[in-house]
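Open the model in your viewer and keep the sequence panel beside it. This tour goes from one selection to the next.

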Amino acid sequence: MAAEPAITEDATASPAGRASLTVLLLASTLGVMGGATIAPLIEVIRQALGVGGTAAGLLLTCHSLAIALISPLVGRATDHLGPRLPLAFGLVLYGLGGGAGLVIDSYPVLIASRLVLGIGAAAVFTCSTAALLDLYQGGTRDKVMGWRTAATTAGGFIYPLAAGALGNHSWHTPFALYLLGVPLGVATLLALPKPAPTNGTNPVAKATRARGGAARLLRDHPLLLGLCGLWVASTGLMMVLAVSLPRRLDQLGIHDTLIVALYGTVLTAGAASLIGLAYAKLTARFGYTTLIRVAATSWTAALILFALADHWAPLLLVPVLTGIGSGITMPTLTVLADHAAPPEQRGTATSLQATALFGGQFASPLLFGPLIDATSIATGALVAAVGTTGILIALLRLKEPARSTDSATTASDDRHQAAIPTTQAPRE
């Protein structure tokens with residue numbers, strides 16, 4: 001894949017630039033929506049369907065299995081076709097699969113619909129990320145990645161809050177929120193630039209792609225493998241909080257789904273959004289490695305506090321610390337992974353992040369659910385805190401990558417001629 005022209009900051013002020021960026025940021029809000037939307041309702045759904053805690057946890061994470069398995073295929077398609085068409089298709093499938101919960105009363109059928117949702121989410125996560133990485137470079141990329149984090153966390157606040165309010169009427173009603181993916185898929189076809197046709201004349205790029213599967217990419221780039229391992233571990237450990245918080249609040253006498261949504265999302269989203277908006281300045285001052293170590297410290301503190309607190313008031317700090325960690329982790333690991341992989345395999349590298357991220361989500365309740373059921377929520381959180389402490393120790397060995405410049409806006413005069421590209425560069 002040849003280097004593609006980047007959208008500059010001035011270009012985002014043009015109608016076409018605003019449309020592309022808006023669609024990609026809106027698509028980014030849906031990534032966290034997969035499980036977070038029904039998280040405030042999980043105890044209500046569990047009781048309505050008559051299933052146990054582990055089975056209920058799978059409703060939050062089973063779509064992650066589909067994402068983990070399908071993402072490498074989506075990544076290969078993105079490398080060959082560009083992100084526009086796979087993203088549009090994924091958004092429509094996401095909306096239909098998620099919205100099916102409006103009319104489902106069977107646990108197995110609901111699980112099946114969540115798997116369909118996951119297939120669409122694989123395309124949404126991979127293609128929206130790849131598109132943003134394609135279009136921006138250097139400091140501008142850090143700023144846009146920060147905006148993406150703010151948009152994602154805003155979705156993590158708005159959708160669960162709306163679901164919590166709707167859930168007081170019926171646990172089915174909040175599934176209507178997923179239908180937003182359908183019109184957004186249509187908007188993607190209209191707003192994103194079409195990739196230019198390729199004649200396949202670049203033998204170097206063709207040879208690179210021919211030998212470049214996901215397994216080969218990980219083998220040739222061990223840093224990318226390590227970053228994917230970090231995604232798996234951190235996501236799996238922090239899902240303990242997402243799955244257990246409604247249950248802990250229920251134990252403390254807090255049953256209203258709207259209050260649960262407010263408790264679990266407002267502070268998290270607020271902290272993460274502030275980090276996202278300031279992300280470019282933070283990376284310029286402290287660097288990526290320092291920030292990711294701060295995130296691991298925040299995870300550990302949140303888990304320990306969650307394990308030890310026995311009143312709702314100190315638990316307020318848990319979502320704040322979680323938001324700080326996620327606000328740093330989302331853009332930092334994305335940028336570091338892009339540094340670690342060749343540009344012509346950006347789609348595959350991005351898909352591996354999705355596989356790692358959502359694979360960790362899926363595995364978490366399978367590992368921690370039985371442990372918590374056999375012991376307590378506090379024990380599960382403390383075990384997870386040991387894991388995040390191990391991550392922090394491992395991160396002490398991570399080196400700061402070389403900072404790229406805004407080469408996309410300085411490499412050639414040709415790339416200054418248009419405010420926004422009407423086509424992307426050929427994907428050879």
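Select Leu 59 first. Setting aside neighbours within four places in sequence, Leu 59 is in contact with Ile 38, Ile 42, Ile 45, Leu 49, Tyr 107, Leu 110, Ile 111 and Arg 114. Keep in mind that this is a predicted model.

Now widen the selection to the largest nonpolar core. This core has 108 residues. Leu 59 is one of those with the most contacts inside it, along with Ile 45, Leu 49, Tyr 94, Leu 224 and Phe 306. Which helix gives the largest share of this core? That is α6, with 14 residues.

Stay with α6. Select residues 107-135 for helix α6, then residues 138-167 for helix α7. The two helices pack with their axes 10 Å apart, at an angle of about 150 degrees. Angles over 145 degrees count as roughly antiparallel, and α6 and α7 are therefore roughly antiparallel to each other. To see the contact itself, show side chains on both helices. From α6, pick Phe 125, Ser 128, Thr 129, Leu 132 and Leu 133. From α7, pick Arg 141, Val 144, Met 145 and Arg 148. Colour them by type: five are nonpolar, two polar and two charged.

Next, go to helix α15, residues 317-340, and select Thr 329. Is Thr 329 buried or exposed? Its relative accessibility is 5%, so Thr 329 counts as buried. Show what surrounds it. Not counting residues up to four places away in sequence, Thr 329 touches Trp 231, Ile 292, Ala 295, Trp 299 and Thr 334.

Move on to Arg 293, in helix α14, residues 288-308. Arg 293 has 22% relative accessibility, so this residue counts as partly exposed. Which residues does Arg 293 contact, leaving aside neighbours within four places in sequence? They are Leu 392, Leu 395, Leu 396 and Leu 398. Try the distance tool on Leu 396.

Finally, zoom out to the whole chain. Switch to a cartoon view: the secondary structure comes to 17 helices and two strands. Of the 428 residues in the chain, 56% are buried. Among contacts between residues at least 6 apart in sequence, 86% join residues at least 24 apart.

Definitions and conventions: Residues numbered from 1 in each chain as written. Predicted model: local features only at pLDDT ≥ 70, side-chain atom pairs only at ≥ 80, totals over all residues. Heavy atoms only, no water. Axes fitted to C-alpha atoms, helices over the stretch in contact; angles between N-to-C directions. Helix = DSSP H or I, 4+ residues; strand = E, 2+ residues; numbered from the N terminus. Parallel < 35°, antiparallel > 145°, perpendicular 65-115°, else oblique. Contact = heavy atoms within 4.5 Å. Nonpolar A, V, L, I, M, F, W, Y, C, P; charged D, E, K, R; others polar. Buried < 20%, exposed > 50% of the residue type's maximum accessible area, 1.4 Å probe, protein only. Core = buried A, V, L, I, M, F, W, Y, C linked by side-chain atoms within 4.5 Å.
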